[in-house]
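Visitor: Hi, I have a structure open and would like a quick tour. Can we go through it together?
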Amino acid sequence: MLGRILVCNKACRLASLVVGLLSFSEPGYAGNISAAIVQNDGTPIQSAVISVRGKGQAPATAAAGTRATMTQSGQQFSPYVLPVQAGTTVEFPNRDPFRHHVYSFAAAKVFELKLYDSSEAETMLFDKEGVIPLGCNIHDNMLAYIYVVSTPHFGRTDKNGKAAIEGLPAGDYTVEAWHPDQRSSPETAEITVTTDGTVSVQFEMDLKRSRRQEKPGAFDDTEY
Ligand SMILES: [Cu+2]
């Protein structure tokens, strides 16, 4: 695990360096946010969404053609939480040798992808902000979330509870942290990003027990 952290840090430094080089002719461009999300006892929380909105920044939709993927494999959705910017088309590839029937009743997107197998390329456009829980009509254990944001600046925490948002113009921002199992409403923090700096933000969340994506004999707790 230590090795992985070192690799990640190296990669992060490299990414920061690249951003720094790109912005060399544009002073004041590159600022970063390093977010950490933990439970009240300090346990890292994976699969939380960090989204960042500049003060006065209007809602922004994704560039045309932006795509993301929510896979069905091993009778589970993957990833458990998929953050996308409004205007993103999500592909729902079925990698199982049996059919799925994906649906949502969420206010932000009511839809269903009727029984389909691996030969069919199912897609759906998500154009409205909000939380979209996904289920499958055939497999009750299947559960995942698409979280639609209206900013291009967002990320999802890894197994260490960390997420990095890079390349932000200097300025004042509101940072929001969201997780499907949090007891309270999304946490927010007001921060200021400065030239070529990294602002660290930490959130604590109280998670309730969730049925997650349990399936007999193959409970996967790696998401937490
Ligand atoms: Cu299914």
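Visitor: Of the contacts in the chain with a separation of 6 or more, what percentage comes from residues 24 or more positions apart?
Guide: That share is 65%. Keep in mind that this is a predicted model.

Visitor: Okay. How many helices and strands are there?
Guide: The chain has 1 helix and 17 strands. It holds 224 residues, and 28% of them are buried.

Visitor: Which residues have the most contacts inside the largest nonpolar core?
Guide: Ala35, Ile50, Ile146, Tyr147 and Val148. That core has 41 residues.

Visitor: Which strand gives the largest share of this core?
Guide: Strand S12 does, with 6 residues.

Visitor: And where does the core lie relative to domain 1 and domain 2?
Guide: It lies between them, because both domains give residues to it. Domain 1 covers 2-54 + 160-178 + 185-205, and domain 2 covers 67-149.

Visitor: Back to Tyr147. What does it touch, beyond residues up to four places away in sequence?
Guide: Tyr147 touches Val49, Val81, Pro83, Val131 and Trp178.

Visitor: New topic: sheets. What is the strand order in the open sheet of 3 strands?
Guide: The order is S14-S1-S17, and the pairing is mixed.

Visitor: Why is one side of S14 and of S17 left without a neighbour in the sheet?
Guide: S14 and S17 stand at the edges and each has a single partner strand, so one side of each has no neighbour there. From one strand to the next, the twist averages 20 degrees.

Visitor: How do S1 and S14 pair, parallel or antiparallel?
Guide: They are antiparallel, over 5 bridges.

Visitor: What holds paired strands together in general?
Guide: Strands of a sheet pair through backbone hydrogen bonds.

Visitor: Let's look at S7. Which of its side chains are buried?
Guide: Thr88 and Val90, which point to one face.

Visitor: What about the backbone? Is the peptide bond from Ser78 to Pro79 cis or trans?
Guide: That bond is cis, with omega near 5 degrees. Pro79 sits in the loop between S5 and S6. Most peptide bonds are trans.

Visitor: What is the phi of Ser47?
Guide: Ser47 has a positive phi of about 70 degrees, though it is not a glycine. Most residues other than glycine have a negative phi. Gln75 also has a positive phi, near 60 degrees.

Visitor: Where are Ser47 and Gln75?
Guide: Ser47 lies in the loop between S1 and S2. Gln75 is in the loop between S4 and S5.

Visitor: Why does Ser47 count as buried?
Guide: Because Ser47 has 24 C-beta neighbours inside 10 Å, and the cut-off for buried is 20 or more. Gln75 has 17, so Gln75 is partly exposed.

Visitor: Last one. What is Arg53 in contact with, leaving aside neighbours within four places in sequence?
Guide: Thr151, Tyr173 and Thr174. Arg53 lies in strand S2. The C-alpha atoms of Arg53 and Glu176 are separated by 8.3 Å, although the two are 123 residues apart along the chain.

Definitions and conventions
Residues numbered from 1 in each chain as written. Predicted model: local features only at pLDDT ≥ 70, side-chain atom pairs only at ≥ 80, totals over all residues. Helix = DSSP H or I, 4+ residues; strand = E, 2+ residues; numbered from the N terminus. Contact = placed C-beta atoms within 7 Å. Buried ≥ 20, exposed ≤ 12 C-beta atoms within 10 Å, placed from the backbone. Core = buried A, V, L, I, M, F, W, Y, C linked by C-beta atoms within 7 Å. Domains from an automatic or database assignment. Pairing = 2+ DSSP bridges. Axes fitted to C-alpha atoms, helices over the stretch in contact; angles between N-to-C directions.
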